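User: Please show me the model, and then let us go through it by question and answer.

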Amino acid sequence: MGRRHPVWLRLVRIRMFIGHVAVGYAGKTLAPRVSLGWLLLAATFLDVLFSLLLLFGAESVRIVPGGGRVMPLEFSYPISHSLIAAIGWSIVVGASWYVLRGDRAGAPILALAVLSHWVLDFVSHRQDMPLLADGPFVGLGLWDSKGGTMAVELAMFVPAVILYTRATTAKDRVGSAAHWGLVLVLTVLYFASIFGPPPPSERAMAIGNNVGIVFLIWAWWVDRHRPIVQGGRNEEAR
Ligand SMILES: [Zn+2]
């Protein structure tokens, strides 16, 4: 592990997976009134929660470099990533949306997006996903294969971005430039995280993860400049 990597690459090594991002983009076709920012927050909700809990020491991760694995990490995350908790969080998110926005169509989509995260993590992670707070633990371990991970995630991400792009239309330069800019940055970070070095420390990872919030805000901003295509299921964006 003696090789030094450039600082920027070490810093961008945030845990960010475009399978979850794909769920957010594709969700727009099912919930046109919900901003892409909120859809992405729902699809990554368990990780956002985990990142905060990590920062405050309520959950933990250990970096164990080695092998050809996508993510050399061992997690302990019952509050954010047990199945029982994920079901609870999905109900909380869906119900909150319904209460705050009165959007009967969007609420179940957001709830499903939260739950989809657990399913995708179940496919990707090793057997460290608890069903209940302290087990039994499950996981299919797709991350053990970089090729397999990329095949699955890119097969989700590319069509999802196309769906979002076709369901919405840029009303100005921002709607176009910021949209494609975000797609580009997410793609670059994705490949950096697949081929880059492991995170320098657990602490750096906690901080890096939380910086990921920037992308949710960016997506929310993009969505404000990309109304739903007229004649679609529902014209009124947000
Ligand atoms: Zn996760």
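User: Which residue just after H6 takes a positive phi?

Analyst: This is a predicted model, in which local features need pLDDT of at least 70, side-chain atom pairs count only at pLDDT 80 or more, and totals for chains, interfaces and linings use all residues. Residues are numbered from 1 along each chain as its sequence is written. Helices (H or I, at least four residues) and strands (E, at least two) are DSSP runs, numbered from the N terminus. Just after H6, a positive phi of about 60° is taken by glycine 102.

User: How far apart are the end C-alpha atoms of helix H6?

Analyst: Helix H6 covers residues 83-101, which is 19 residues. The expected span of a helix is 1.5 Å times one less than its number of residues. For H6 this gives 27 Å, and the model agrees, because its end C-alpha atoms are apart by 27 Å.

User: Which residues of H6 are buried, and which on the other side are exposed?

Analyst: A residue is buried if 20 or more other C-beta atoms lie within 10 Å of its own, exposed if 12 or fewer, and partly exposed in between, with C-beta atoms placed from the backbone. In H6 the buried residues are Ala86, Trp89, Ser90, Val93, Gly94 and Trp97. They lie on the same side of H6, because they cover an arc of only 125° around the axis, the arc being that of the directions from the helix axis to the C-beta atoms. On the other side of H6, the exposed residues are Ile84 and Val99.

User: What covers the buried residues of H6?

Analyst: Cover is judged by contact, and two residues are in contact if their C-beta atoms, placed from the backbone, lie within 7 Å. For the buried residues of H6, the cover includes helix H3 (36-43), helix H4 (45-55), helix H5 (78-81) and helix H7 (106-124).

User: Which residues does valine 114 contact, leaving aside its neighbours within four places in sequence?

Analyst: Valine 114 is among the residues with the most contacts inside the core. Leaving aside neighbours within four places in sequence, valine 114 is in contact with Ala42, Phe45, Leu46, Ala86, Trp89, Ser90 and Val93.

User: How many residues of H2 are buried, and what do they pack against?

Analyst: H2 is mostly covered, with eleven of its 13 residues buried. Among them are Ile18, Gly19, His20 and Val21. The buried residues of H2 pack against H3, H7, H8 and helix H9 (173-195).

User: Is valine 152 buried or partly exposed?

Analyst: Valine 152 is found in helix H8 (residues 146-167). Leaving aside its neighbours within four places in sequence, valine 152 is in contact with Gly19 and Leu142. The C-alpha atoms of valine 152 and glycine 19 are separated by 7.8 Å, although the two residues are 133 residues apart along the chain. Because valine 152 has 17 other C-beta atoms within 10 Å, it is partly exposed.

User: What is the bridge partner of proline 130 in E4?

Analyst: Two strands pair if DSSP finds at least two bridges between them. Strand E3 (residues 129-132) and strand E4 (residues 135-138) pair in the antiparallel sense over three bridges, and a hairpin joins E3 to E4 through two residues. In E4, the partner of proline 130 is phenylalanine 137.

User: Which peptide bond is cis?

Analyst: Proline 136 lies in strand E4. With omega at about -5°, the cis peptide bond joins glycine 135 and proline 136.

User: Which residues of strand E2 are on the covered face?

Analyst: Four bridges join strand E1 (residues 60-63) to E2, and the two run antiparallel. In a regular strand the side chains alternate between the two faces of the sheet. In strand E2 (residues 73-76), the uncovered face has Glu74 and Ser76, and the covered face has Leu73 and Phe75.

User: What pLDDT does the chain average?

Analyst: pLDDT is the predictor's confidence in each residue, from 0 to 100. In the chain, 87% of the residues score at least 70, and the average pLDDT is 87.

User: Where is the pLDDT below 50, with 25 contacts beyond near neighbours in sequence?

Analyst: pLDDT also stays under 50 over residues 233-238, for which the model has 13 contacts beyond four places in sequence. The stretch with 25 contacts beyond near neighbours is residues 8-15.

Definitions and conventions:
A nonpolar core is a set of buried Ala, Val, Leu, Ile, Met, Phe, Trp, Tyr and Cys residues joined through C-beta atoms within 7 Å.
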